[in-house]
Structure formats: structure tokens, C-alpha cells
Amino acid sequence: MKNLVVQDTLVSLTRVNDDDYISLTGIACVRKHDEPKDVVKNWLRNRYAVRYLGLWEKINNATFKVGEFGFFRLQTGSNSFILSPNKWIDATGVIGIKSTAGRGSAHAHRDIAFEFVSWVSAEIKLYLIKDFQRLKEEAVRLGSGWDIKRSLARINYKIHTDAIKETIIPHNTMAAQTEYTYASEADLLNVVLWGMTAKEWQEHNPDQLGNIRDASTIEQFVVLSNLESLNAAFIRQGLSQPERLKALNELAIAHNTVGKFK
């Protein structure tokens, strides 16, 4: 989680599936510090805003519920129409806006956040873009940029998933079962590296957007990439999951990794 500074107000910036998400609530605080949620809701009542959000989801989200979107679009403009981020998320299955359970704040993909800040204030938009660019440049200069994490995540990912697909998953397996197998193997590595599954991490971090890997550091990604390569080799050798967990734990202990990132 990073913070942008917009007119002396902190606006949180985080990563979800390799994309930048900016706090709409934080942007609204710059304009109306006492009731920022009202600013977000007022924007969501706007006919143009709802149409923009719907178009963004149609382009970027294959599971977007177009029918529910049409229902909201017809209501925009009426005095009785009220739309909150949570209502929009729950009804339409969007990915462009995320809401955190703990504090009830809303983050949005940068495309949407920049559209929102344009409506809030042209001045605030210029400050936001300026600090967003500064943070990006700083990340690259310090060698801790998001692109580096993305590249590290790719290094052994396909080696790992190919080993699972070719060795563990039987032919004609249902999609849900296949997804469960991939998730189970990912959690095996999560337990070795972080000492918990992805679900357990989320339960311990209800205010965090994204998942356990979105919140990880570059050092953690390096270790994870190595674990993926080792686990792929163990899978092809025919080792069971408990045997692989034991072997990976022993290797992690030998390299002083177990417990380091917990």
C-alpha cells in the first residue's frame, strides 16, 4: 500500500492483480473531509458516471452483469436514485471498484479514479496526477517498481502451473475442480512462505485490497519464484502434497526463510 499526497491529504494507492487502484474516499476527503462518502455517492448518482462505469466494465470484465447495469442506468437522473459503491459492486459484479470491509472505504482502478477526480475538481486532478507520476518514477528509480514484481511473478509461474496441469489434474476434469487444484497448490506455497493460506491472510487483513501476493515485497516474490520451481520438480517426481510440503519447509528452513515473512 502506497500513499499519494494531494493538497496535504493522504490518498491511498494499492495494487490489485497488477493494476493501480486509488482511494475514491481519499480523493473525496480532499474536497469534503467530514463526509467523503457522500461525495462518492453523489458522483455515482450521475448519469454520465454510471454510463462510464458500465462501459469500463464491459471492456474489462467478462462477468459484468449487464442486465443489472441497465436497471441502474434507467434510474439515473431521478431524485430518488441513490447508489453506493457496495450496492454497485454487489449488484453487478464489477472489478473496477473495490470496497474494504473494515473501514468501508472505496478504491477504484486508476481509469475510474481519474474520471472521478475530474468530476470532483480539475485542480485536485492535477495534483493527483502529479503525485501519481512521482510515485511511479520513484518506484522505478529505487528498483522496487510494480513492473519488477510483475516480471518476478511470471518467471516460474508457467513452469509450476504446467506441472500441475500435466501431472496432477486428470483429463476431463470440471473447471471448478481444476481451479480448486491450482488454488490448493498455490496455498501450499503460501503456507511455506507466509505460514498461512490466502483465505487466512485475508481474514487477518480485512482492510487490505487484493490478496496475499498483491501485498508481498520483491524479496518475497523472489523466494516464491524459487518455491514454484522446486514444487514443480517435486510434482513431476510424483511426490504427494504432504511430502512436498515437508520437503519445501526443510529447504526453506535451511535457507532461513520459514517464519521470516510471517
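Axes are lines fitted to C-alpha atoms, for helices over the stretch in contact, and angles run from 0 to 180 degrees between N-to-C directions. Helices (H or I, at least four residues) and strands (E, at least two) are DSSP runs, numbered from the N terminus. The model is a predicted one, in which local features need pLDDT of at least 70 and side-chain atom pairs count only at pLDDT 80 or more, while totals for chains, interfaces and linings use all residues. Residues are numbered from 1 along each chain as its sequence is written, and side-chain values use heavy atoms, with hydrogens and water left out.

The sheet comes next. Strands of a sheet pair through backbone hydrogen bonds, either parallel or antiparallel. In this model, five strands make an open sheet in the order 1-2-3-5-4, with antiparallel pairing; two strands count as paired if DSSP finds at least two bridges between them. Strand 1 and strand 4 (97–99) sit at the edges, each pairing on one side only. From one strand to the next, the twist averages 30 degrees.

Pair by pair, strand 1 (residues 2–6) runs antiparallel to strand 2 (residues 9–16) over five bridges, and V6 has T9 as its bridge partner in strand 2. Strand 3 and strand 5 are joined in the antiparallel sense by three bridges, with Y21 partnered by H109 in strand 5. Strand 4 and strand 5 (residues 106–109) also pair antiparallel, over three bridges. Here K98 stands opposite H107 in strand 5, and S99 has A106 as its bridge partner.

The turn between strand 1 and strand 2 deserves a look of its own. These strands form a hairpin with two residues between them. Most residues other than glycine have a negative phi, and most peptide bonds are trans. Q7, however, has a positive phi of about 50 degrees although it is not a glycine, and D8, also in the loop between strand 1 and strand 2, has a positive phi near 65 degrees. Q7 counts as partly exposed because its relative accessibility is 32%, whereas D8, at 79%, counts as exposed.

V30 lies in helix 1 and is buried, with a relative accessible area of 17%. Not counting residues up to four places away in sequence, V30 touches V6, Q7, T9, V11 and I124. The C-alpha atoms of V30 and L10 are 8.7 Å apart, with the two residues 20 apart along the chain.

Two packed helices are described by the angle between their axes and the distance between the axes. Helix 1 and helix 2 (residues 36–44) pack at an angle of about 110 degrees, with axes 8 Å apart. They are therefore roughly perpendicular to each other; angles under 35 degrees count as roughly parallel, over 145 as roughly antiparallel, 65 to 115 as roughly perpendicular and the rest as oblique. On the helix 1 side L24, T25, A28 and C29 meet P36, V39 and V40 of helix 2. That contact has six nonpolar, one polar and no charged residues, where Ala, Val, Leu, Ile, Met, Phe, Trp, Tyr, Cys and Pro count as nonpolar, Asp, Glu, Lys and Arg as charged, and the others, Gly among them, as polar.

Helix 3 (residues 47–60) and helix 4 (residues 66–75) pack at about 170 degrees, their axes 10 Å apart, which makes helix 3 roughly antiparallel to helix 4. V50, R51, G54 and K58 from helix 3 meet V66, F69 and R73 from helix 4. By class, this contact divides into three nonpolar, one polar and three charged residues.

Finally, the cores. A nonpolar core is a set of buried Ala, Val, Leu, Ile, Met, Phe, Trp, Tyr and Cys residues joined through side-chain atoms within 4.5 Å. The largest has 38 residues, and L4, I22, I27, W88, I97, F116 and L128 have the most contacts inside it. Apart from it lies another core, of 15 residues, including L189, W201, I212 and L248.

Methods
Contact = heavy atoms within 4.5 Å. Buried < 20%, exposed > 50% of the residue type's maximum accessible area, 1.4 Å probe, protein only.
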